[in-house]
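Good morning, and thank you for the time.

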Amino acid sequence: HGWSIGKHPEDHAAMGARYEVMLIFAANGRPDRLDWVRLNPRSEAPKTTPAKAKARPAPYGGLSMGGFLQAAKPEWTQKDITSVLERLGKITVTDMSSLLRTLQSEGSAGVNQRFKAVGEKSFTDSTVRALREHAKKVAALEAERLNPKPKPKAAPPANPLAPLPTQEYKVVHDFVYLRQEPSLHAPILGKRQRGDTFHASEETWDGWVKLHGQPGYIIKDMGGLSGIGKVLSQLGRAVPLVLPEPQGSPEPLTFEVVYQPFVAVRTGPSKTRPIQGTRKFGERLRAESQGYGGWVRVVQEDGGGWMLTLDDELGQLLACKTVDERRKQVSALRHADRNNVAQLTEAIAGARRCGVRGIELEQAEADLRQLREREASRKELLQRAAAAQSDVREERLRRCVEEAERQNFVQEKKAMEEALDKMVSVKMETQREHDLLLEQLAEAAKGGQVADIKAARNAAKAAGVPMKEIARVFALHNGSGQ
């Protein structure tokens, strides 16, 4: 293209005149056209600094036909757009106004009818729909520009330095050292005694809290080192953390942006803090610590700043496989059947692999120990019940039933009661058989026939009648005194 500045009467050309020249780009990023405004000549310049003359607003925000077509049909190449512009020129569509008017017309004035009238190929139905939809948007924006709505009264700006979210802690050990860095080997800055309270503004992944408004870090739980366990206890409502339970390593965690199109990076862990940049959907970044309310601090090598991981309105913004797996294992730990040794053992092992520590894991481990002790007691009771059944010891089996009831072994108690009922029934049936055989022995003894006596005695012995009982009956009914 070629432009001549100062030739048009409205340019008010004069010797020494100066112009501000503006290059206007189309929506596709390519140069579209020039515009210029005359500035006061030096000879006419007043003593005071004149204000720059404002450029006349370009129609449709300076959008060219090519830019319109590219925005409506992003898949078209520059060659496609050039071809379409040539075809539109043949039906005298040469600017945005005529293009929008033609696209919005029907019948003989419609774009395809006009193409047919000059022997040009028509647009497909999908292309016409896409162009008309975009034409409606552009026309609406132009109408809004020409007839702007009165701006509502702006609300008072939020305090940019609103307090950051913090968590209050209390020292529950005899004392704890305040260290310069989050490490047991870092220099000591001071000491806190049992009962002291303070506010923390940040936590490392391995369980150190950073004091708010002053330098120094304090560890939350020694994890048994030097015989020391929990050091700090939360006070008040627990403010949400990305990773509530510390992991075993202070190494940064990798997060991925899962919100489209981007997530803001701020100078502090609060929406009131200024935005210093953005991270696009799919980008990965490393975070070295976490703030309260779901914020993470990005490592300096990845640009620094703070990013929110979860928003009440927008949903999840950042995702971390380590955090997600940790949450999954904590959930499995919470929902594990406390009466199922195998399930609880697996849940505890999974939680340990993910570095889960704290009260929930300790409680689950205590439950598992208790469950194993109970299981050992159950097995030992079943062994004693089996021995009592084998030896036909009714009283022992009754004691096993009573113990099963005390320990709430419901199924085991039921099985033992059934075995006891069977044992009593068999015992009663056996006793009736023995009584009958002893009666036969008594009759034989009264008759005095040796063969009958011998046969009755042998039958009683074969049925398991005690020899002592056989001898007693024989002695009572032996008429011959033998």
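This is a predicted model: local features need pLDDT of at least 70, side-chain atom pairs count only at pLDDT 80 or more; totals for chains, interfaces and linings use all residues.

Residues are numbered from 1 along each chain as its sequence is written, and side-chain values use heavy atoms, with hydrogens and water left out.

Let me begin with helix α8, residues 359–390. Helices here are DSSP runs of H or I with at least four residues, strands are runs of E with at least two, and both are numbered from the N terminus. Helix α6, residues 321–335, packs against α8 at about 40 degrees, with the axes 10 Å apart. Axes are lines fitted to C-alpha atoms, for helices over the stretch in contact, and angles between N-to-C directions run from 0 to 180 degrees. The pair α6 and α8 is therefore oblique; angles under 35 degrees count as roughly parallel, over 145 as roughly antiparallel, 65 to 115 as roughly perpendicular, and the rest as oblique. Val330, Leu333 and Arg334 of α6 meet Glu360, Leu361 and Ala364 of α8, where contact means heavy atoms within 4.5 Å. By class, this contact has 4 nonpolar, no polar and 2 charged residues. Ala, Val, Leu, Ile, Met, Phe, Trp, Tyr, Cys and Pro count as nonpolar, Asp, Glu, Lys and Arg as charged, and the others, Gly among them, as polar.

How do the axes of α7 and α8 cross? Helix α7, residues 341–353, comes within 10 Å of α8, axis to axis, at roughly 150 degrees, which makes α7 roughly antiparallel to α8. The α7 side of the contact includes Leu344 and Ile348, and the α8 side includes Leu368 and Leu371. Its classes are 8 nonpolar, 1 polar and 4 charged residues.

Pro261 lies in the loop between β10 (253–257) and β11 (262–266). Ser226, in the loop between β8 (217–219) and β9 (232–235), has a positive phi, near 55 degrees, although this residue is not glycine.

Finally, the lining of the largest cavity has 4 nonpolar, 3 polar and 3 charged residues.
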